[in-house]
Structures are given as C-alpha cells and as structure tokens.
Amino acid sequence: MRDRCLISILVSCALMLGVQPLAQAAKDPSAQCLRCHKRNGTMEGVHASIGSKGLACTSCHGDKGQHPKNKTPVITFGPDSVTDVAVQNQRCARCHKPGKLRAGDWTHDVHQKVLSCAACHQLHPGQDPIRGIGETQRTQLCVDCHGARKAKESL
C-alpha cells in the first residue's frame, strides 16, 4: 500500500513537472519563440519588452503555426523579407498610428506603401539608429537610398 502511494506521488509530480512548461507556453505565447531566438542573438529595445503592454512575439510576427518544423513562414520584417510590405506595415500600424507618424515626420506618409517600416527602422537593437539622427544625416539617407534606386532602375 505504501509503495502504491509513493508511486502515485511520483507519477503526479512527474506529470506536474511535465505539464508546467506546457502551461507556461499556453500563458506566454513568446515562451516557445524565445527558446531559440533569444539565444540566436540579442533582443533589446522596446520591441523586445516581451510581456509589457501586452507585447508578445506573435503581436508582430503572427502565429507561429508549424514554424520551425515545416519552415512555415512567420511574418518577417525588412527590405529582404518575403512578407509583403503592406502586411509588414499593417502589423506596425497596430501600435504605431499612421496619423501620429505623419505628424512626426512627413517621410512616413510618403514611403508607407513602397517601403516597410523596417527598411529604415531596426526593431530589436537597444536603440533604433534612425531615431535622433540629425537633419544632414537624414538628407544623406534620402540621397543614398534614392540614388541607389535610380542606379538600379537604369540597369
């Protein structure tokens, strides 16, 4: 009888320990993502503040589906992303309101349909390098980007 109780207790503990990570993942949708992505590099800044203000990896990147097992794509960001620019920017606009961005800098309004936000902004470093750059640097950025585009079109 004592052995049966001991076995029951051990089985119960094992089940609870095995279920604990699953329960954690169910509560925190970012837990599974961070198992790999946190160790693949640093995630800093406001977009890495997982859990604050309801922010989760899935808030921006969408449901992970079968990723990474079947190489199912999640929403990715940047000029080299396979995710359509409109989809990328719609994700950003969930928190970053277009009217407020437009009021802050006219370039947001002009570029929103042709460039992803991540073409200029970096999402996971400690500080977005585009924030706080001077007027001269900003103008040079325009010249560089538009110059590269013209050169590409002339090929």
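Buried means under 20% relative accessible area, exposed over 50%, and partly exposed in between, with a 1.4 Å probe and protein chains only. That scale is used at several stops below.

**Before selecting anything**

This is a predicted model, in which local features need pLDDT of at least 70 and side-chain atom pairs count only at pLDDT 80 or more, while totals for chains, interfaces and linings use all residues. Residues are numbered from 1 along each chain as its sequence is written, and side-chain values use heavy atoms, with hydrogens and water left out.

**Whole chain**

Color by pLDDT, the predictor's confidence in each residue, from 0 to 100. The mean for the protein is 77, and 76% of its residues reach 70 or more. Switch to a cartoon: the secondary structure comes to 7 helices and 0 strands. Helices (H or I, at least four residues) and strands (E, at least two) are DSSP runs, numbered from the N terminus.

Of the 155 residues in the protein, 16% are buried. Show the surface next: its accessible area is about 12,000 Å², with 60% belonging to carbon and sulfur atoms. Such areas come from the Shrake-Rupley method with a 1.4 Å probe, and for residues only the protein chains shown count as cover. Contact means heavy atoms within 4.5 Å. Among contacts with a separation of 6 or more, 49% join residues 24 or more positions apart.

**Select 2-27**

This is helix H1, which has the lowest mean pLDDT among the elements, 49. Where pLDDT is low, the predicted coordinates should not be read in detail.

**Select 85-93**

Helix H4 has the highest mean pLDDT among the elements, 93. Which residues of H4 are buried? They are Gln88, Asn89, Arg91 and Cys92. These residues cover an arc of only 150° around the axis, so they are on the same side of H4; the arc is that of the directions from the helix axis to the C-beta atoms. The buried residues of H4 pack against H3.

**Select Ser81**

Ser81 is in the loop between helix H3 (57-61) and H4. It counts as buried because its relative accessibility is 18%. Its side chain makes a polar contact with the side chain of Thr76 at 2.5 Å. A polar contact is a pair of N or O atoms within 3.5 Å; within protein, one must be able to donate a hydrogen and the other to accept it, and residues adjacent in sequence count only if both atoms are side-chain atoms. Leaving out residues up to four places away in sequence, Ser81 touches Thr76 and Gln88.

**Select Thr107**

Move to helix H6 (residues 106-111), where Thr107 is found. Thr107 counts as buried because its relative accessibility is 15%. The side chains of Thr107 and Asp105 make a polar contact at 2.9 Å.

**Select the cysteines**

A disulfide is a pair of cysteine sulfur atoms within 2.5 Å. By this rule the count comes to 0 disulfides. Cys92 is in no disulfide, and the nearest cysteine sulfur, that of Cys117, is 3.8 Å away. Is Cys92 buried or exposed? At 16% relative accessibility, Cys92 counts as buried.

End at Cys120. Its sulfur is 6.6 Å from the closest cysteine sulfur, in Cys145, too far for a bond. With a relative accessible area of 39%, Cys120 is partly exposed.
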